[in-house]
Amino acid sequence: MDHDTWDLQLGEDEGVERHIRTGSLVPVNIRSDGAFGVLVRVGGLDRPVQLTERESRYRLVSSEAYLFCSSGQVWLGGIEAVGAEPWPGTAQFDLPVGRYSVVIHLIAWEDEAGSVNEDGTPSAAALPDFVALVTPAGPEQDMFRSDVETFDHPDS
């Protein structure tokens, strides 16, 4: 996708929200630039997926469920990398074709003792910034979040 096409599709929140509503995009958006660690955990109808005890302890906030319609593969990257072909460095993994419910959790990893190196970088044992839990959406599940910002503001 060239830049002009990208800008028409994803340059404004309305376009991004349209892609969210169709299940083609799940935002991990806190309105801040940066390089963030995202862990994706996939479960099944017979094996629900959840945060670990450690992740739960440092969870700041969770999103409502977003819809994701998989065509067989998932690409994880910045909004600027969304297009017809993945950018170099874009994380990719297989996910069977279907409808999924995705809940994003913001993790306060820096609050855990030993998670930050002396230079301020995350230690090898640090939790990720975000954990995305992906499970098949049941046939009765038809209400999904469509907001561009992943989390509600505390005063909303």
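Which backbone oxygen does the side chain of serine 123 reach at 2.9 Å? The backbone oxygen belongs to glycine 114. This is a predicted model: local features need pLDDT of at least 70, side-chain atom pairs count only at pLDDT 80 or more, and totals for chains, interfaces and linings use all residues. Residues are numbered from 1 along each chain as its sequence is written, and side-chain values use heavy atoms, with hydrogens and water left out.

**Overall layout**

- The protein chain has 3 helices and 7 strands. Helices (H or I, at least four residues) and strands (E, at least two) are DSSP runs, numbered from the N terminus.
- Along the sequence, the pattern reads α-α-β-α-β-β-β-β-β-β.
- Of the 156 residues in the protein chain, 34% are buried. Buried means under 20% relative accessible area, exposed over 50%, and partly exposed in between (1.4 Å probe, protein chains only).
- The protein chain exposes about 9,700 Å², and carbon and sulfur atoms supply 51% of that area. Accessible areas come from the Shrake-Rupley method with a 1.4 Å probe.
- Among contacts with a separation of 6 or more, 73% join residues 24 or more positions apart. Contact means heavy atoms within 4.5 Å.

**Nonpolar cores**

- In soluble globular proteins, nonpolar side chains tend to be buried together.
- The largest nonpolar core has 11 residues, including Phe68, Leu95, Tyr100 and Ile104. Such a core is a set of buried Ala, Val, Leu, Ile, Met, Phe, Trp, Tyr and Cys residues joined through side-chain atoms within 4.5 Å.
- Strand E6 (98–107) and strand E7 (130–136) each supply at least two residues of this core. E6 gives the most, with 4 residues.
- Isoleucine 104 touches residues including Val26, Val61, Phe130 and Phe151, not counting residues up to four places away in sequence.
- A second, separate core has 9 residues, among them Leu51, Tyr58, Val131 and Leu133.

**Aromatic pairs**

- The whole structure holds 2 aromatic pairs. Rings of Phe, Tyr and Trp (its six-membered ring) pair if their centres lie within 6.5 Å; planes under 30 degrees apart count as stacked, over 60 as edge-to-face and the rest as tilted.
- Phenylalanine 36 and phenylalanine 130 have ring centres 5.7 Å apart and planes at 75 degrees, so this pair is edge-to-face.
- This pair links distant parts of the chain, 94 residues apart: phenylalanine 36 lies in the loop between H2 and strand E1 (38–42), and phenylalanine 130 in strand E7.
- Phenylalanine 36 is partly exposed at 36% relative accessible area, whereas phenylalanine 130 is buried at 1%.
- Phenylalanine 130 also forms a stacked pair with phenylalanine 151, at 6.5 Å centre to centre and 5 degrees between the planes.
- Phenylalanine 151 sits in the segment after E7, 21 residues from phenylalanine 130. At 9% relative accessibility, phenylalanine 151 counts as buried.
- Phe36, Phe130 and Phe151 form one aromatic cluster.

**Serine 123**

- Serine 123 is in the loop between E6 and E7.
- Why does serine 123 count as buried? Its relative accessibility is 13%, and the cut-off for buried is under 20%.
- Serine 123 is in contact with Gly114, Ser115, Val116 and Asn117, leaving aside neighbours within four places in sequence.

**Helix H2**

- In helix H2 (residues 13–21), the buried residues are Gly15, Val16 and Ile20.
- Seen down the axis of H2, these residues fall within an arc of 145 degrees, so they line one face of the helix. The arc is that of the directions from the helix axis to the C-beta atoms.
- Just after H2, glycine 23 takes a positive phi of about 85 degrees.

Technical notes:
A polar contact is a pair of N or O atoms within 3.5 Å; within protein, one must be able to donate a hydrogen and the other to accept it, and residues adjacent in sequence count only if both atoms are side-chain atoms.
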